[in-house]
Amino acid sequence: MVEKEGIIREWKKREYYEKPSTIKNRKKKAMERKQQKKLRKIQSMKNY
């Protein structure tokens, strides 16, 4: 139940202070990874 509500994830996120620029960079990199994954998936579908 605790894990489902994301309490542990939230606690780990707030455990240490993170500069706003670090947060921004982390989110940007995550977005890039997500786009690359989507692109690879689309390209693999074209091969069939």
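Student: Why is Arg26 called partly exposed?
Tutor: Buried means under 20% relative accessible area, exposed over 50%, and partly exposed in between (1.4 Å probe, protein chains only). Arg26 has a relative accessible area of 40%, so it is partly exposed. This is a predicted model, in which local features need pLDDT of at least 70 and side-chain atom pairs count only at pLDDT 80 or more, while totals for chains, interfaces and linings use all residues. Residues are numbered from 1 along each chain as its sequence is written, and side-chain values use heavy atoms, leaving out hydrogens and water.

Student: What makes Glu18 and Arg26 a salt bridge?
Tutor: The term requires a side-chain nitrogen of Lys or Arg within 4 Å of a carboxyl oxygen of Asp or Glu. For Glu18 and Arg26 the closest N and O atoms are 2.9 Å apart, so the pair qualifies. Glu18 is partly exposed because its relative accessibility is 26%.

Student: Why does Arg14 count as exposed?
Tutor: Its relative accessible area is 63%, so Arg14 is exposed. Lys13, at 51% relative accessibility, therefore counts as exposed too.

Student: Why does Glu10 count as partly exposed?
Tutor: Its relative accessibility is 30%, so Glu10 falls in the partly exposed class.

Student: How many salt bridges does a search of the whole structure find?
Tutor: Three.
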